[in-house]
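Good morning, and thank you for coming. Please look at the sequence and the structure on the screen while I take you through a few of the contacts inside this chain.

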Amino acid sequence: MLIATACALPVHSEEIGEVSTVFRFLGKNDRIVIEAYDDPKVKGVSCFVSRARTGGISGTVGLAEDTADASIACRQVGDVLQFVGQLPKQEDVFSERQSILFKRLHIVRVVDPVRNTLVYLTYSDKLIEGSPKNGVAAVSVPHNNPIPLKK
């Protein structure tokens, strides 16, 4: 697991929106943020992840631990999907630190060759324990554009 995390491509996310959920007198409010992640090996696919961010003083300075709640929606956003090389059956394509205590957000791409579909899973883990909370989304690829799968 640690090797997969270390080998994950750098995260290129863009925060595209947020809503406040809890007012805090000091520091930022608790909120839900929406971030866009473009798949680096599948040009034309973007994943949108919403997740909780803790506010207050500890959240503002980066010491708060966010909950493991996350939702994901992945879509074809380009006219044509272009693959950058062959894709492994399963790959941790994004990994981002969520707290100072070794908690990480992951987005994993799984190839379903039978349905010519890309399945994306998001979850959080810690060095010692993870969470079963997760989200899943699928992007169907047209059959005239087969997914190049590593063998």
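I begin with Arg51, which is buried, with a relative accessible area of 3%. Please keep in mind that this is a predicted model. Which side chain does Arg51 meet in a salt bridge? The partner is Glu35, and the distance from N to O is 2.9 Å. Arg51 belongs to strand E4 and Glu35 to strand E2, so this pair ties together parts of the chain that are 16 residues apart in sequence. Is Glu35 buried or exposed? Its relative accessibility is 4%, and because buried means under 20%, Glu35 counts as buried.

Lys41 forms a salt bridge with Glu91, and their closest N and O atoms are 2.9 Å apart. Lys41 lies in the loop between E2 and strand E3, which covers 42–43, whereas Glu91 lies in strand E7; the pair therefore ties together parts that are 50 residues apart in sequence. Both Lys41 and Glu91 are buried.

Glu91 also takes part in a salt bridge with Arg109, where the closest N and O atoms are again 2.9 Å apart. Here strand E8, which holds Arg109, is linked to strand E7, which holds Glu91, and the two residues are 18 apart. Arg109 has a relative accessibility of 0% and counts as buried. For Glu91 the value is 15%, which also counts as buried.

Tyr37 is buried at a relative accessible area of 1%, and Phe94 is buried at 2%.

Next comes the nonpolar core. The largest one has 21 residues, and the members that touch the most others are Val42, Ile72, Ile107, Leu118 and Tyr120. The elements that give two or more residues to this core are strands E4 (45–53), E5 (70–76), E7 (90–97), E8 (104–112), E9 (117–125) and E10 (130–140). What does Ile72 touch, if we leave out residues up to four places away in sequence? Its contacts are Cys47, Phe48, Val49, Ile107, Tyr120, Thr122, Gly135, Val136 and Ala137.

Finally, I turn to the surface. Phe23, Phe25 and Leu26 form a nonpolar patch there, and together they have about 440 Å² of accessible area. Leu26 sits in the loop between strand E1 (13–22) and strand E2 (30–38). Is Leu26 buried or exposed? With a relative accessible area of 57%, Leu26 is exposed, whereas Arg51, with which I began, is buried at 3%.

Thank you for your attention.

Definitions and conventions
Residues numbered from 1 in each chain as written. Predicted model: local features only at pLDDT ≥ 70, side-chain atom pairs only at ≥ 80, totals over all residues. Heavy atoms only, no water. Patch = residues over 30% accessible without salt bridge, like charges linked within 9 Å, V, L, I, M, F, W, Y side chains within 5 Å. Areas by Shrake-Rupley, 256 points an atom, 1.4 Å probe, with all protein chains shown as cover. Salt bridge = Lys/Arg side-chain N within 4 Å of Asp/Glu carboxyl O. Helix = DSSP H or I, 4+ residues; strand = E, 2+ residues; numbered from the N terminus. Buried < 20%, exposed > 50% of the residue type's maximum accessible area, 1.4 Å probe, protein only. Core = buried A, V, L, I, M, F, W, Y, C linked by side-chain atoms within 4.5 Å. Contact = heavy atoms within 4.5 Å.
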